[in-house]
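Have the viewer open as you read.

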Amino acid sequence: MNFKYVFLFFTSILISCGEKTKEKVASKQDNNYPLHIVFVTGEEEYRSEESFPMLAKLAKRELGAKVTVVYSLDSLGFIDPNRTDHISGLEALETADLMVIFIRFRNLPKNERDYITSYAESGKPMVGFRTTTHAFKYDNDSTLVEFNEEWPAKVFGQQWITHHGHFDDGKFPVTDISIIESQSENPILNGFEKFEAYSWLYHVDGGDWKLQGDSKPLLMGHSTKSQHEIDGDLDKFSLDNPVAWTKSYTGTSGDKARVFFTTLGHPYDFKIPVVRKIAMNGIYWALGKEGEIPEDGVKVTLDEPFLPNNSGFGQKFKKNQKPTPIK
């Protein structure tokens with residue numbers, strides 16, 4: 001055996017490995033490496049399959065982020081929010097820097113649910129909307145009931161309790177939104193002005209209930225039409241309740257995640273610029289970029305009209321739609 005050639009062969013392997021290692025380290029240190037934001041849709045009432053692609057476009061434009069939107073799909077690959085046992089593409093969460101989630105009563109199989117719950121345990125930031133207080137619903141397996149109420153409460157701050165009633169769905173606003181004065185300097189509220197929301201008010205705090213963990217409410221909603229008022233139950237379910245808050249969640253990784261949550265989410269809410277601004281400011285804050293939020297909030301002018309279907313169950317979503325890349 002010619003030991004000279006053997007020596008040169010192993011030397012070339014070591015040099016090659018060293019170069020690959022340097023390339024890997026360099027890519028991690030590259031400040032221009034784009035953030036990856038994954039938007040998880042999967043609810044059959046509020047058209048998140050329409051609002052989230054719009055928000056993803058804003059995140060891509062304003063943050064230069066790589067964005068992925070995942071959907072409940074039928075067997076032919078069409079978006080079908082009524083399918084509760086499948087969300088396609090959740091593996092994207094394995095490389096996500098932020099999960100933005102709007103799901104409702106999903107009974108996902110373990111392999112899909114694990115992508116969401118493992119992300120939550122990772123210590124990475126999260127932004128949640130409305131029905132994510134009741135993200136999962138497992139009725140036929142007693143070993144999974146923790147995901148129905150306990151899981152969303154500890155991660156996002158509350159479980160499903162009640163709301164003030166389906167009044168004037170999409171015809172008129174039903175909730176007045178204002179700042180909680182102690183939070184007026186919070187950068188998530190940069191550019192905020194009072195508005196009327198189409199989302200009927202969720203009860204999350206008061207009576208027998210309390211926002212969980214270190215939740216800090218930012219915005220207060222006042223219900224202008226209430227079934228609980230009609231029924232005389234305002235001692236249990238006040239006309240005034242928080243509609244946005246920040247909190248932290250420390251999972252099994254031991255790392256503390258930033259969490260921003262809002263119970264807003266009616267599709268027509270997202271037509272209102274200040275609602276888009278709150279959502280985008282919340283995304284910036286969750287990512288630790290609150291210092292980059294302008295005084296008047298993140299720019300949320302749209303490059304194309306946002307014309308969502310109204311909320312509602314059944315077949316009120318847009319048919320024959322397949323996922324398309326975010327441009």
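**A tour from the rings inward**

K137 lies over the face of F105, 4.8 Å from the ring centre. The term has a cut-off: NZ of Lys or CZ of Arg has to be within 6 Å of the ring centre and within 35 degrees of the ring normal. K322 does this too, with its charged end over the ring of F78 at 4.8 Å from the centre.

A word on what you're looking at: this is a predicted model, where local features need pLDDT of at least 70 and side-chain atom pairs count only at pLDDT 80 or more, while totals for chains, interfaces and linings use all residues. Residues are numbered from 1 along each chain as its sequence is written, and side-chain values use heavy atoms, with hydrogens and water left out.

Now for rings meeting rings. The structure holds 17 aromatic pairs, where rings of Phe, Tyr and Trp (its six-membered ring) pair if their centres lie within 6.5 Å; planes under 30 degrees apart are called stacked, over 60 edge-to-face, and the rest tilted. Take F52 and F129: their ring centres are 5.5 Å apart and the planes meet at 70°, so this pair is edge-to-face. It ties together distant parts of the chain, since F52 sits in helix 2 and F129 in strand 4, 77 residues apart. (Helices, H or I with at least four residues, and strands, E with at least two, are DSSP runs numbered from the N terminus.) F52 and F129 are both buried, meaning under 20% relative accessible area, against over 50% for exposed and partly exposed in between, using a 1.4 Å probe and protein chains only. Y138 and F147 make another edge-to-face pair, 6.4 Å centre to centre with 65° between the planes, and both of these residues are buried as well.

How many of the residues in helix 2 are buried? The count is 12 of 16, so to speak a mostly covered helix. Among the buried ones are F52, P53 and A56. The cover over them includes strand 1, strand 2 (66-70), strand 3 (98-103), strand 4 and helix 6.

Most residues other than glycine have a negative phi. R47, in the loop between strand 1 (36-42) and helix 2 (48-63), has a phi near 60°, and R47 is buried with a relative accessible area of 0%. R130 has a positive phi of about 35° and lies in the loop between strand 4 (126-129) and helix 4 (150-156). R130 is likewise buried, at 0% relative accessible area.

One last stop: I326, in the segment after helix 6 (273-286). At 14% relative accessibility, I326 counts as buried. Setting aside neighbours within four places in sequence, I326 is in contact with P53, A56, K57, K60, V67 and V69, contact being heavy atoms within 4.5 Å. I326 and V40 are 286 residues apart in sequence and 14 Å apart in space, C-alpha to C-alpha.
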